[in-house]
Amino acid sequence: MEATTYDKFACFCKSKTDEKVEAISEGEMDADALTTKIQDLQAKRAQLDLDIQSLNEEIAGYEEQIAESKGLRKEEVATFDAALTDMEKAISSLERAIETLKAATGVSLAQIKSIVRTSLLMADAMDMAPKSRKVVTMLLSEDQPITDVPTSDYDSHSGGIIETLEGLLGTFRDRKTTLESDNETADSDYNLAMQAKLDQLTQAQQSLENKQKEKTETSEDIATSQADLTETTAMLNDDRVYLKDMTEKCETKAKLWDQRSQMRADELSALTQALSVLESAVAEKAEATGEGGRSLNQKETTTEAKDRKSTRL
């Protein structure tokens with residue numbers, strides 16, 4: 001009965017030891033895998049931080065370029081508007097002067113100067129002076145008396161002044177058309193360049209959003225993996241402690257069983273030796289008394305038979 005119980009205990013020790021050894025081996029592999037995973041995720045997050053920093057700098061650069069382009073374009077538009085306004089004023093003054101010269105007679109040179117002086121100064125500043133420098137000089141001069149200029153040079157009917165002003169008007173109109181065309185081209189180029197820059201900005205912002213989202217997911221994976229590693233490590237430590245404790249108990253029981261088994265063997269050996277000594281002593285006595293060397297058991301049997309016979313009589 002005791003041996004059967006010990007055999008069951010020994011079987012339990014073996015099966016539990018095998019079970020815990022396997023669990024510890026799997027736990028160690030899981031812990032190693034989780035540690036490697038966490039290290040990889042941390043490296044990935046570090047790279048994402050660098051990518052996010054680079055994208056933030058890239059976005060800041062695009063925003064600065066966009067702001068600078070807008071500022072330059074604003075200045076260009078302001079310059080264009082001012083030039084266009086001056087051009088339109090010059091054209092308007094020339095149109096009024098020509099209309100006045102054609103409609104009226106006896107117009108004084110002072111009146112003509114007052115009407116067209118600003119336009120002529122503008123044309124001269126823009127290197128658009130008409131071919132008739134003599135007429136322009138006359139009209140711009142503040143000191144030249146009327147008697148110094150032949151009547152044919154400013155007489156509206158001779159066509160000298162009107163022709164000069166009409167030529168200048170045409171030049172102003174052409175320059176206005178060119179100015180507007182140049183502005184349209186500049187505006188188109190600006191819009192294309194701005195759209196390209198905005199597309200780059202949008203793409204960088206989208207990349208930044210994706211990187212930030214990926215970083216958040218990576219951080220969550222790190223937290224989950226660290227929690228799993230903590231749990232796995234705790235279970236692994238529990239299994240190690242359990243295996244150590246069970247091994248000590250099983251080894252102690254095994255030693256006790258071995259000791260008790262040895263004691264029983266020693267007891268049986270002693271009993272066997274005692275019996276052998278006893279039988280030898282009986283045999284020697286039988287020889288000495290002439291009882292044919294029967295053993296003690298044989299003598300006991302004969303005595304018992306005699307006793308039964310006496311009882312029957």
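What follows is a conversation about a predicted model of one protein chain.

Visitor: How do you know what kind of model this is, and how are its residues numbered?

Guide: This is a predicted model, in which local features need pLDDT of at least 70 and side-chain atom pairs count only at pLDDT 80 or more, while totals for chains, interfaces and linings use all residues. Residues are numbered from 1 along each chain as its sequence is written, and side-chain values use heavy atoms, with hydrogens and water left out.

Visitor: What makes up the secondary structure of the protein chain?

Guide: Helices are DSSP runs of H or I with at least four residues, strands are runs of E with at least two, and both are numbered from the N terminus; on that basis the protein chain has 6 helices and 0 strands, in the order α-α-α-α-α-α along the sequence.

Visitor: Why is arginine 175 called partly exposed?

Guide: Buried means under 20% relative accessible area and exposed means over 50%, with partly exposed in between, using a 1.4 Å probe and protein chains only; arginine 175 has 33% relative accessibility, and therefore counts as partly exposed.

Visitor: What makes a group of residues a nonpolar core, and which residues touch the most other members of the largest?

Guide: A nonpolar core is a set of buried Ala, Val, Leu, Ile, Met, Phe, Trp, Tyr and Cys residues joined through side-chain atoms within 4.5 Å. The largest has 13 residues, of which Ile91, Leu94, Ile98, Leu101, Leu165, Leu169 and Phe172 touch the most other members. Helices α1 and α5 (160-289) each supply at least two residues, and α1 gives the most, with 7. Another core, lying apart from this one, has 10 residues, among them Ile52, Leu55, Ile59 and Tyr190.

Visitor: How do you know that the charge of lysine 20 sits over the ring of tyrosine 242?

Guide: The definition asks that NZ of Lys or CZ of Arg be within 6 Å of the ring centre and within 35 degrees of the ring normal; the charged end of lysine 20 is 4.9 Å from the centre of the tyrosine 242 ring and is counted as sitting over it.
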